[in-house]
Amino acid sequence: MNENKINVAWISGSYYLAKSVFDKIKEKTVGIETICCDETTEFTYLLASINSNQCFGTNRLIIVYGLPEITDSEKKKLKTAIENLSSDVLLVFFMIDPSDESAIFNSVNKVGKVYHFEPLVHSSSVGEWIDKRMSELNASLTSEAKDSIRDNVHYDPKGNTNIDILNSVLEKLTIYSPGKKEYNITDIIVTSAFAENFIVWDLLKSCDEKNIDKCFNLFHSCVMTNNNAISALNEVINVLVWKYRLLFFLKETKANNAKIDSETLIKEACDIRK
């Protein structure tokens, strides 16, 4: 392999920064054969794609978005392939956490180029980060607008926040008012998405009314409240199951012409909820 040519790269961390590097690679490799692999790709196919010699020296780009589960033996084979890449292959690992695949990452770091962008910024540096990013976007924020963003983003227990979330807030401003040189608190309010208090019964009512748009909006609020789509979905499904089981119970009771008092109904509702 040509020592001056980089044949393998690892791009990870902050998505918007990683994507900027990834896009440049794709621009320079337009028209060449591209092979994409992820967690669902058979390891034998991935390894063959890396090792195979193409006819007439055709260049190819191999993009790995995720690695399948592999044995230690397979991992050694992949490391060997990475460290002995043919000059007609460009291998890119994209948005894989180095800590998840440390052995493969170390091989890439040994013979290739690593672009890992720190995805978090501490609260003490958020203001400085915002100023730098706005400068890159050829704009600025009033002090009130900057304080509003800094004070309202989510921080983890260590006082860090996600750079990609901050970036999306700033880019949304430039999309809302392109060409504007300074953005103020009004721009922040207009472009911000505020999560209202979520009440699951409102969602049930919207389902009954077949108001699809309102259902989507309410579920979005549920996701924002839980800060996790899976948790939000579990919350909604549990209540929906409880409601419709109770409805089936009432329908069955009516069909059998059975009488039911309020105490029995409450007990049945509690039992179904369990």
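These questions and answers concern helix packing and backbone angles in a predicted model.

Q: What makes the buried residues of helix 2 line one face of the helix?
A: The buried residues of helix 2 (residues 43-51) are Phe43, Leu46, Leu47, Ser49 and Ile50. Seen down the axis of helix 2, they fall within an arc of 160 degrees, so they line one face. An α-helix has 3.6 residues a turn, so residues three or four places apart point the same way.

Q: What covers the buried residues of helix 2?
A: The cover includes strand 2 (33-37), strand 3 (60-64), helix 3 (72-83) and strand 4 (89-94).

Q: Why are helix 5 and helix 7 called oblique to each other?
A: The axes of helix 5 and helix 7 (residues 163-176) cross at roughly 50 degrees. Angles under 35 degrees count as roughly parallel, and 65 to 115 as roughly perpendicular. Helix 5 and helix 7 are therefore oblique.

Q: Which residues of helix 5 and helix 7 meet?
A: Val126, Trp129, Ile130, Arg133 and Met134 in helix 5 meet Ile163, Leu166, Asn167, Leu170 and Glu171 in helix 7. These residues divide into seven nonpolar, one polar and two charged.

Q: Why does Met95 count as partly exposed?
A: Its relative accessibility is 30%. Buried means under 20% and exposed over 50%, so Met95 is partly exposed. Met95 lies in the loop between strand 4 and helix 4 (102-111).

Q: Why does Asn138 count as exposed?
A: Asn138 has 55% relative accessibility. Exposed means over 50%, so Asn138 qualifies.

Q: What is the phi of Asn138?
A: Asn138 has a positive phi of about 60 degrees, although it is not a glycine. Most residues other than glycine have a negative phi.

Conventions. Residues numbered from 1 in each chain as written. Predicted model: local features only at pLDDT ≥ 70, side-chain atom pairs only at ≥ 80, totals over all residues. Heavy atoms only, no water. Buried < 20%, exposed > 50% of the residue type's maximum accessible area, 1.4 Å probe, protein only. Helix = DSSP H or I, 4+ residues; strand = E, 2+ residues; numbered from the N terminus. Arc of directions from axis to C-beta. Contact = heavy atoms within 4.5 Å. Axes fitted to C-alpha atoms, helices over the stretch in contact; angles between N-to-C directions. Parallel < 35°, antiparallel > 145°, perpendicular 65-115°, else oblique. Nonpolar A, V, L, I, M, F, W, Y, C, P; charged D, E, K, R; others polar.
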